[in-house]
Structures are given as structure tokens and as C-alpha cells.
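The sequence and structure are shown first.

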Amino acid sequence: MVEGKKNLPGETETMKLEDGFDALDALMGCLSQSEEWAYIQRHDALILKAEDVLYQQLGRVKATDEDFFGSLEDAISVYNGTLNDAAILYGLRMAVKLFYAFGKPLEMSRYFLEHDTERGVGVGYSRTV
């Protein structure tokens, strides 16, 4: 119960794990349907090259078996959507991990020191990117 408010549940009383999944599902939908993502898919050189190769091969299939072509195209679309979802989830997890690490500069420094020592480089080692 929230103090000072009668009959209103507190945040912990109303939040359920499933609510997080609903929010994540909505966020993923927004990201995968955004104008920016659509632009990237229409202009990224690697995506366009892979798409061209795929459709060349699909054209060969379509010429021999139209029904099989349709089911194969559907399967590729589902597979592509699944890859997009996995990539979004991975990106979000990495963002959360990085956010956590950047908020702990002393622990991050200690981590680098320990790992540098394990590699035998010690203090004074210059990191290059």
C-alpha cells in the first residue's frame, strides 16, 4: 500500500514478471517496425547484397516449382523475423550489461587490473582499441 494514499497498491504489489515480457514484446515490435530499421534494411550494402543472392536463388526455385517457392519464401520470412528478434534481445541485454558496467567505474578498473595481471601485463599497460 502506498503511504498517504488509501487503497492504492504499491508498485511491487502490482508488478508481475509477465508485465515485463509484455513491455519487452511491445518494445521489440516498435524497434523492428521503426522507420530507421526500415531505412537500414533498404540501404545497408551487406543486407542488399545478401538479399540479391537470396532472390537469385529463389528465382531458380520459382521457375521449377511455384508452390514450393511460396512455402520456402514463407519459411525464410519467419526465420528472418526470428533472427531480428534474437538480435534485438541480444542488443538490449548488452546495453543493460554496459549500463551496469559504466555505472561501476571502480569495479571496472579492478576487473581490468585483475585481467591484465592474468595476461602478464600489469600496471602501466596501455589499452589499444
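The protein chain has six helices and zero strands, where helices (H or I, at least four residues) and strands (E, at least two) are DSSP runs numbered from the N terminus. This is a predicted model, in which local features need pLDDT of at least 70 and side-chain atom pairs count only at pLDDT 80 or more, while totals for chains, interfaces and linings use all residues. Residues are numbered from 1 along each chain as its sequence is written, and side-chain values use heavy atoms, with hydrogens and water left out.

**Chain**
- From the N terminus on, the order of elements is α-α-α-α-α-α.
- Of the 129 residues in the protein chain, 5% are buried (under 20% relative accessible area, with a 1.4 Å probe and protein chains only).
- Among contacts (heavy atoms within 4.5 Å) with a separation of 6 or more, 22% join residues 24 or more positions apart.

**Largest pocket**
- The largest pocket holds about 530 Å³ of space; a pocket is an open set of points on a 1 Å grid over the protein atoms alone, where a 1.4 Å probe fits, with protein on both sides within 12 Å along at least five of seven lines. Grid points are joined across faces, edges and corners, and the volume is the space filled by probe spheres set on the points.
- Its lining has 16 residues, of which Gln41, Ile47, Glu51, Leu54 and Asn80 are the closest to the centre; lining residues have an atom within 4 Å of a point.
- Helices H3 (35-43), H4 (45-64) and H5 (66-102) each supply at least two lining residues, and H5 gives the most, with eight.
- The lining comprises nine nonpolar, five polar and two charged residues (Ala, Val, Leu, Ile, Met, Phe, Trp, Tyr, Cys and Pro count as nonpolar, Asp, Glu, Lys and Arg as charged, and the others, Gly among them, as polar).

**Second largest pocket**
- The volume of the second largest pocket is about 150 Å³.
- This pocket is lined by Leu31, Ser32, Ser34, Glu36, Trp37, Asn84, Ala87 and Ile88.
- Helix H2 (17-32), H3 and H5 each contribute at least two residues to this lining, with the largest share, three residues, coming from H5.

**Packing of H3 and H4**
- The axes of H3 and H4 are 6 Å apart, at an angle of about 60°; axes are lines fitted to C-alpha atoms over the stretch in contact, and angles run from 0 to 180 degrees between N-to-C directions.
- H3 and H4 are therefore oblique to each other, since angles under 35 degrees count as roughly parallel, over 145 as roughly antiparallel, 65 to 115 as roughly perpendicular and the rest as oblique.
- Ile40, Gln41, Arg42 and His43 of H3 meet Ala45, Ile47 and Leu48 of H4 in this contact.

Note on methods:
Buried means under 20% relative accessible area, exposed over 50%, partly exposed in between (1.4 Å probe, protein chains only).
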